[in-house]
Amino acid sequence: MESLIGLLVGAPLLGAALLLVGGRRLDRVGHWLATALAATSFVLAAVLFSDLLDREGEERVLHEHLFSWVPVADLRADVAFQLDQLSMTFVLLITSVGTLIHLYSIGYMAHDERRRRFFAYLNLFLGAMLLLVLADNYLLLYVGWEGVGLASFLLIGFWQHKPSAATAAKKAFIVNRVGDIGLSIAILLMFTTFGTFAFEPVLDGATGASEATLTGIGLMLLLAACGKSAQVPLQSWLGDAMEGPTPVSALIHAATMVTAGVYLITRSGAIFDAAPDAQTVVVVVGAVTLLFGAIVGCAKDDIKKALAGSTMSQIGYMMLAAGLGPVGYVFAIMHLVTHGFFKAGLFLGAGSVMHAMNDEVDMRRYGGLRRHMPVTFVTFGLAYLAIIGFPYLSGFFSKDEIIYAGFAKGGTEGWILGGVMLLGAALTAYYMTRIMLMTFFGEKRWQPDAHGHEPHPHEAPLTMTIPMIVLAFGSVFAGFLFDSGEAFVHWLEPVTGLEHGDSPVGHGTVGLAATAVMVVGVAGAWFQYGRRPVPAVAPTGRLLTRAARRDLLQDDFNHAAFVTPGNYLTRGLVYLDHKLVDGLVNGTAASFGGLSGRLRRVQNGFARSYAVSMFGGAALLIAATLLMRAV
Amino acid sequence: MNPENYLFLAALLFTLGASGVLLRRNAIVVFMCVELMLNASNLALVTFSRMHGNLDGQIMAFFVMVVAAAEVVVGLAVIVTVYRSRHSASVDDASLMKL
Amino acid sequence: MSFPLLTATALTPAIGAIATAAVPAARRTAAKWLALLFSLATVGFAAAVLLRFDTGAGADRFQLTESRSWIEDFGVRYELGVDGIGAVMIALTAVLLPFLIGAGWNDADEAEHEAANRRWRPTQGFFALMLMVEAMVIMSFAATDIFLFYIFFEAMLIPMYFLVGGFGDRAGELDEEGQSRQRSYAAVKFLLYNLAGGLIMLAAVIGLYVATADQLGTGTFSLQAILQARASGELDLATGTERWLFLGFFLAFAVKAPLWPLHTWLPNAMGEATAPVAVLITAVVDKVGTFAMLRFCLGLFPEASDWATPVVLVLALISIIYGALLALGQRDMKRLIAYASVSHFGFIVLGVFAMTSQGQSGATLYMINHGIATAALMLVAGFLISRRGSRLIADYGGVQKTAPVLAGTFLIGGLATLSLPGTGPFVSEFLVLVGTFSRYETVGVIACAGIVLAALYVLVLYQRTMTGPVKAGLEKLPDLRVRELAGGAPLIGLLIFLGVYPKPLTDIVNPAVEHTLSDVDQTDPAPHVVPEVEAAE
């Protein structure tokens with residue numbers, strides 16, 4: 001059974017290698033090959049899942065040691081896998097959503113001449129992501145971590161001929177690299193503290209280390225998580241990442257890769273549990289991002305960027321839950337899974353709309369699409385209801401639990417966290433309703449594209465609608481399924497632990513409050529966008545609106561704080577290197593040259609001047625000899 | 001007679017020759033001054049020979065004469081050639097002996 | 001006496017050089033094939049060195065040793081031998097050369113054109129000089145006699161000088177005369193810089209001889225003899241003497257490496273030389289510098305090494321950050337790669353002087369991986385430059401549209417340069433960081449900043465040259481030819497292999513590093529907390 005794990009990771013990696021090396025020969029079958037390999041991974045995951053289910057709670061762990069990777073003295077880094085309930089959950093999410101999106105991409109990318117490459121990159125992503133969640137040590141996790149970063153870089157910049165896409169890809173990679181510094185340093189700290197960076201010894205021994213060290217490790221892990229999961233302050237890349245093809249946004253920048261940060265923190269739970277300061281920072285980051293993303297999401301006209309803001313905000317919820325400790329881990333992961341379904345569904349719906357509207361992304365130029373694209377409308381609508389937490393759809397269960405856990409933190413903090421999350425829920429309802437209304441309702445505001453083609457909206461082909469329908473099912477029923485008999489909680493509890501916090505407000509109250517703020521949010525959006533016609537050009541708005549439309553000035557800040565000074569620094573250094581460092585060298589050379597030039601003047605070619613120096617020299621010698629005699 | 005006087009004379013002649021080499025431009029005159037220096041040294045050598053009572057100095061003087069003769073042959077040939085090509089016997093005109 | 005394998009490994013390219021040089025002017029193609037043949041034969045011998053190398057527990061430190069008397073009056077002997085580090089370095093040199101010869105197949109044509117009416121044969125010369133460099137580099141990796149090492153360390157400057165000064169590619173901005181002036185400036189700078197370092201080392205070499213003569217009765221240049229005498233306590237240099245001698249050696253190696261602030265010759269030389277020669281400089285010749293730090297500086301002068309460590313670490317850190325920042329500011333592709341190399345050499349020196357087994361194993365792997373990665377990146381850049389006739393980044397754009405395979409290969413080379421996990425450089429960079437961090441936390445953390453800067457300069461380069469709309473003049477850019485792909489693909493395969501399974505290398509390198517560490521009398525720092533699981537076992 002264990003050996004299947006290697007196969008599970010290997011299948012998509014093999015696909016990537018085949019498609020990239022195989023060249024044009026595979027152009028015609030490449031996409032099916034890639035999809036088949038993704039499906040293979042899913043089947044293997046299902047087999048492993050059923051195997052785990054046959055075992056008892058504590059026994060549900062599989063290990064596979066493939067080979068020793070980098071052995072140097074005391075340092076042991078192995079290529080080894082660990083499959084437990086937490087990684088199993090991720091594997092199922094990744095392979096199922098991954099396979100669906102492969103299928104969707106067959107239709108979406110049908111007219112792209114580089115489709116084979118696209119599928120190669122998708123497979124590469126799948127392999128790297130599986131490696132990330134299945135690794136049994138932090139170094140191998142790091143390999144997957146950067147591997148998904150690479151796949152994300154390649155896919156965001158897939159349409160490389162567009163400078164904006166190339167820039168966005170580079171930005172994503174570099175911001176992620178900043179986060180990676182955190183992961184590197186965390187691994188280094190683990191090695192110097194524990195002498196290893198495998199999960200089991202580190203997490204089991206975490207309590208033996210000093211709190212300062214653990215806080216350090218925790219904060220560094222958080223930095224890494226911020227980079228990958230687009231949390232404040234490393235959030236700036238996610239909006240731009242929407243330059244990639246929409247299936248990529250659905251798979252990588254909504255359902256799976258961006259949640260890797262939550263995985264990292266949940267996986268390292270033992271470290272955070274022993275470092276309360278680090279936990280507090282995680283909670284703060286989660287809370288800030290939650291609002292940040294929601295505010296940005298409210299202001300964007302680009303459908304994908306609005307959804308990206310939403311993703312950021314939802315991951316903020318997960319991050320916050322993970323920061324709460326054992327009270328929240330399970331619900332963070334639960335929200336992660338349900339979010340994986342409904343957000344992927346939303347993005348695929350958005351892709352379907354763009355596909356129909358000549359790749360238009362501005363919602364101000366949509367409107368009234370529900371009659372033209374019924375399947376997209378229904379699936380998008382169900383996912384919409386799930387994300388705003390409509391009672392008994394999946395978002396309702398997972399988000400309410402997180403809000404409840406926030407209140408359970410207790411004291412003033414509990415009230416603040418709960419309040420922030422309720423505010424976030426209201427904003428979620430607001431921006432999602434806004435998207436819904438601007439896209440599918442109201443009157444047509446369609447405009448011809450740059451080439452003058454009028455849009456003729458039509459329903460997407462089957463390869464695209466099937467994944468949307470399946471995901472819609474997931475969005476509707478996942479929460480109910482997870483919540484029935486607390487199945488999900490019992491499944492994850494052995495890995496993450498579970499505590500029931502002491503909340504000043506009951507479960508029912510939280511549910512009511514969440515539903516109430518949702519209604520407020522929906523109503524607010526309806527008053528603004530449903531009752532009145534949507535203007536085709538965005539109003540200028542007030543200060544906050546303007547800032548939100550510029551992503552709350554994140555890029556302006558980064559430019560002012562890092563890019564501009566960095567440019568000046570490099571330019572200054574290039575100048576200094578040339579003038580000062582190299583100047584010193586050339587100066588030494590030049591001064592020798594100058595000296596020799598002076599000396600050469602003595603050799604003037606006049607025989608009589610040579611004679612003078614001869615006589616002078618002889619006289620000096622004689623004088624010296626006489627002087628020596630005298631002394 | 002005190003042999004030291006011959007040495008003073010030799011020194012005087014040598015100095016005269018040396019200043020001639022340094023101060024005159026005509027190659028022939030410079031050449032004659034060189035001869036004067038050589039002969040001054042010859043005089044000194046012979047004097048030393050007399051003072052020490054052995055023949056080493058005189059033998060040395062003969063060598064110098066032979067060298068001087070050879071020098072005259074080569075030197076005059078050079079001067080004549082230079083004069084033919086440059087129409088001048090001034091040593092300062094031939095200042096190309098440098099890099 | 002057994003077959004002198006090391007001599008044979010070094011002699012093969014030397015004979016090849018003479019044979020290639022002797023090919024008549026009209027038979028240029030034959031000369032190329034002959035050079036390739038000899039470089040491949042060298043690969044065979046180098047493989048034999050690796051295979052014959054015993055990595056068992058009780059194996060000797062220096063293996064495949066040869067010893068003959070040479071200049072007896074001065075105690076100079078012809079002594080060869082390799083430890084694990086030397087063995088893999090020889091393998092790197094041997095493996096890279098066929099690729100460089102293949103990549104430089106037509107590089108001498110320009111010079112051939114200029115030399116139409118003269119009596120010299122540029123093609124023959126180009127390949128003969130390359131093989132000559134290879135022979136000398138292999139000798140300096142194999143020599144265990146310090147004087148012998150010194151001779152080859154210096155002598156390789158001569159063929160390098162002619163390679164840099166005699167052959168180049170078009171820069172795009174300058175006319176022919178300006179270019180040849182630039183080139184000869186670079187060549188002279190390279191020569192003088194290295195010569196100056198080398199002469200200081202010569203003084204130190206003689207000083208060491210005198211010191212051994214003082215204490216042991218007879219002076220010796222033999223590394224093994226000196227190491228033994230040190231270990232037995234017979235040889236104990238006075239602190240001051242040891243420090244001065246260390247500085248003499250270190251300066252020469254730091255110029256060669258090159259370490260900040262002695263780096264300025266590298267961008268000039270790499271920028272002006274053709275791509276294969278640039279690779280030869282940075283991937284092979286410069287490695288002699290860092291290799292020699294590991295073998296000679298630490299082994300001969302442990303106390304002084306310890307004394308100098310703080311300063312060296314700071315210089316290495318400056319190299320890392322400074323090299324990366326300057327790479328960001330370059331307009332010329334090859335100079336950018338040169339400054340990136342300065343940054344990478346900083347990492348290597350950091351690993352060497354961290355005095356931990358991870359650091360030094362990492363530094364050794366880094367030398368290998370950096371050699372291969374830079375070769376991949378630089379050779380592809382060279383192919384690109386030879387197509388467009390310009391080294392300026394601004395002259396390119398959208399190359400991936402017209403030449404996707406070239407762009408892909410370039411990207412992989414670049415990703416390896418930024419140490420992406422899954423490629424060899426990641427393993428080595430991680431080891432260096434671990435090794436450094438476990439002894440000097442702050443230094444390790446600052447060095448981590450290098451990984452962001454590396455991503456910046458590589459991706460900015462990629463973005464500007466390969467993506468975006470196709471620049472004017474590049475619409476018909478041909479993709480990689482079979483010869484070029486045959487040169488690039490194996491290097492990339494090797495990079496990925498070394499990233500996934502570096503164990504064969506670490507197995508060879510680790511024992512040598514343990515020996516070096518015991519020379520300097522250091523042990524790895526222990527972890528602060530011993531996990532209960534391990535303790536229970």
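## Surroundings of Ser39(C)

Ser39(C) is in contact (heavy atoms within 4.5 Å) with Ala94(C), Leu97(C), Pro98(C), Ile101(C), Leu131(C) and Glu134(C), leaving aside residues up to four places away in sequence. The model is predicted: local features need pLDDT of at least 70 and side-chain atom pairs pLDDT 80 or more, whereas totals for chains, interfaces and linings use all residues. Residues are numbered from 1 along each chain as its sequence is written, chains are lettered from A in the order in which they are written, and side-chain values use heavy atoms, without hydrogens and water.

Ser39(C) belongs to helix H2 (residues 28-52) of chain C; helices are DSSP runs of H or I with at least four residues, numbered from the N terminus. A polar atom of the Ser39(C) side chain lies 2.7 Å from the backbone oxygen of Leu36(C).

## Interface of chains C and A

The contact involves 65 residues of chain C and 57 residues of chain A. Between chain C and chain A, about 5,100 Å² is buried (accessible area, 1.4 Å probe, lost on being put together and summed over both parts), with 72% given by carbon and sulfur atoms. On the side of chain C, Phe430(C), Phe437(C) and Val529(C) lose the most area to chain A, together 11% of what that side buries.

One salt bridge (side-chain nitrogen of Lys or Arg within 4 Å of a carboxyl oxygen of Asp or Glu) is found across this interface. Lys189(C) forms a salt bridge with Asp582(A), with the closest N and O atoms 2.5 Å apart. Helix H19 (residues 441-466) of chain C supplies 11 residues, the largest share of the side of chain C that touches chain A.

Note on methods
Helix = DSSP H or I, 4+ residues; strand = E, 2+ residues; numbered from the N terminus. Polar contact = N/O pair within 3.5 Å; in protein donor to acceptor, adjacent residues only side chain to side chain. Buried area = accessible area lost by both parts, 1.4 Å probe.
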